[in-house]
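Look through the sequence and the structure first.

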Amino acid sequence: MIFVPESILVTGGAGFIGSNFIHSFMANNQRCMVTNLDCLTYAGNLENLTALEGNPNYRFVKGDIGDTELVAGVLAGQKIDAVVHFAAESHVDRSITGPEIFIRTNVLGTQILLEESRKHWQSGLVPDFRFLQISTDEVYGSLGDTGYFTEETPLAANSPYSASKAGADLLVRAYHETFGMPTLNTRCSNNYGPYHFPEKLIPLLIHNIINKKPLPVYGDGLNVRDWLHVRDHASAIETVLKAAAPGSVYNIGGNNEWKNIDIVNLVCDLLDERLERAEGENRTLITYVKDRPGHDRRYAIDASRLKNDLGWSPSFTFEQGIAETIDWYLANQKWVEEVTSGAYRDYYKKQYGGGAA
Ligand code: NAD
Ligand code: TDX
């Protein structure tokens, strides 16, 4: 049976994937209220959502998922019938230099959100309810040269980031097993696309190439990532939210493995053309640097359960998706400049009149 939410709470909706999800979900579900709860860390950028200002079905709440009273108030006040939980610290490198906030947000924050959601669901204020935890293939650890992560692959997280996401996933599982709460859990591969914060590989490459800065490649550059366009991730999440059985776990991916160095070369070459530079010029910016500690060698997702059970498959080809992404960054250099200069942090104050984010 299809679940049709009427009022959803999106956490972390000012970030990369959350903002893309809000745009596509609101376009597809024009009767549903969307409340975006985000505390606006360095990764939260309300400029990603300017197109929605004034839309009566969209509401932004500045706040922390770890704020029990605030979360309880939003759940009851907005009669939330689905929580789509993106809010997290998401950058592996930052989790190596400062793991504590990862545990606070990703583990403790998720537990608070789960606990308040449980009380809200059990209060009977809404007839049906879902809690969807957005997770990552990184919880499964690292693969060798062959094989794929399935939903049965044991969790074997290797970085403080992925360990915190695995902890959150297990809490979600526990709330289903212990309380019968209607939870869902998705685990997706690496995303790319518009609004990607330029500390992550693909937007960092584009930004540095435009500015003729070095392109740091960790280790030997042969680590493999499985890339999916962020709008395909958004459509998969919507499918799972509406059609998956409570308690289920779904991998999300598009069978699109790339060695890092091949992605770097591809982005260099596409930008040679667009910036009218000589063939091979951008590749001269490539700089091999010290490897990331504990750097997972290969990720590859088997998403056949999602295809077989719910009929989902990606709509972007990588060629189309990466070309469009590069063009988006070229057309939106102001967005990138505001992020890299820190100017985006004044946006909340300008728009909502509060203190700087
Ligand atoms: P992001 O870092 O771009 O955005 C995270 C958002 O969460 C930001 O807007 C931030 O302000 C908000 N946030 C952080 N702590 C918060 C808190 N305590 N309370 C409220 N809001 C808070 O992250 P992203 O890349 O969009 O990832 C979103 C989710 O998807 C994460 O849970 C991540 O683990 C998962 N995921 C990401 C990828 C990827 O490739 N980026 C792949 C698979 C899964
Ligand atoms: O400068 C760089 N040089 C480089 O070689 C950066 C930033 C990254 N890399 C490598 C490390 C990874 O093998 O590129 C690959 C991708 O790195 P990131 O963009 O940092 O992503 P990753 O560590 O794979 O994690 C991402 O995908 C899974 C997201 O940040 C996570 O939130 C998500 O769960």
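A polar contact here is a pair of N or O atoms within 3.5 Å. The model is predicted.

**Ligand 2**

With that cut-off in hand, take N190. An N or O atom of the N190 side chain sits 2.9 Å from an oxygen atom of ligand 2. The side chain of Y161 also brings an N or O atom to an oxygen of ligand 2, at 2.6 Å. P216 uses its backbone instead: a polar backbone atom is 2.8 Å from a nitrogen atom of ligand 2. On its own, ligand 2 has 650 Å² of accessible area, and the protein covers 94% of that.

Which elements give two or more residues to the shell around ligand 2? They are helix 6 (201-210) and strand 8 (215-218). Strand 8 gives the most, with 3 residues. The shell holds 18 residues, and the closest are S90, T136, Y161, R292 and H295. By class, 7 are nonpolar, 6 polar and 5 charged.

**Ligand 1**

The shell around ligand 1 has 29 residues. I17, D38, S90, Y161 and K165 come nearest. N191 contributes a backbone N or O atom, 2.9 Å from an oxygen atom of ligand 1. Taken alone, ligand 1 exposes 840 Å². The protein buries 96% of that area.

Helix 1 (16-28), strand 5 (130-136), helix 5 (160-179) and strand 7 each give two or more residues to this shell. Strand 5 gives the most, with 3 residues. The shell around ligand 1 divides into 13 nonpolar, 12 polar and 4 charged residues.

| Ligand | Ligand atom | Residue | Part of residue | Distance |
|---|---|---|---|---|
| Ligand 2 | oxygen | Y161 | side chain | 2.6 Å |
| Ligand 2 | oxygen | N190 | side chain | 2.9 Å |
| Ligand 2 | nitrogen | P216 | backbone | 2.8 Å |
| Ligand 1 | oxygen | N191 | backbone | 2.9 Å |

**Helix 4**

Helix 4 covers residues 100-123, 24 residues in total. From its first C-alpha to its last it reaches 33 Å, close to the 34 Å expected at 1.5 Å a residue. Yet helix 4 has a kink of about 30°, centred on G109.

**Aromatic pairs**

Rings count as a pair if their centres lie within 6.5 Å. The model has 16 aromatic pairs by this rule. Take Y42 and F197. Their ring centres are 5.2 Å apart and their planes stand at 85°, so the pair is edge-to-face; the cut-off for that class is over 60 degrees.

Where do the two residues lie? Y42 is in the loop between strand 2 (33-38) and strand 3 (58-62). F197 is in the loop between strand 7 (190-192) and helix 6. The pair therefore ties together parts that are 155 residues apart in sequence.

Conventions
Residues numbered from 1 in each chain as written. Chains lettered and ligands numbered in written order. Predicted model: local features only at pLDDT ≥ 70, side-chain atom pairs only at ≥ 80, totals over all residues. Heavy atoms only, no water. Near = heavy atom within 4 Å. Polar contact = N/O pair within 3.5 Å; in protein donor to acceptor, adjacent residues only side chain to side chain. Areas by Shrake-Rupley, 256 points an atom, 1.4 Å probe, with all protein chains shown as cover. Helix = DSSP H or I, 4+ residues; strand = E, 2+ residues; numbered from the N terminus. Nonpolar A, V, L, I, M, F, W, Y, C, P; charged D, E, K, R; others polar. Expected span 1.5 Å × (residues − 1). Bend = angle between axes of the 7 residues up to and from the residue. Phe/Tyr/Trp six-rings, centres within 6.5 Å; stacked < 30°, edge-to-face > 60°.
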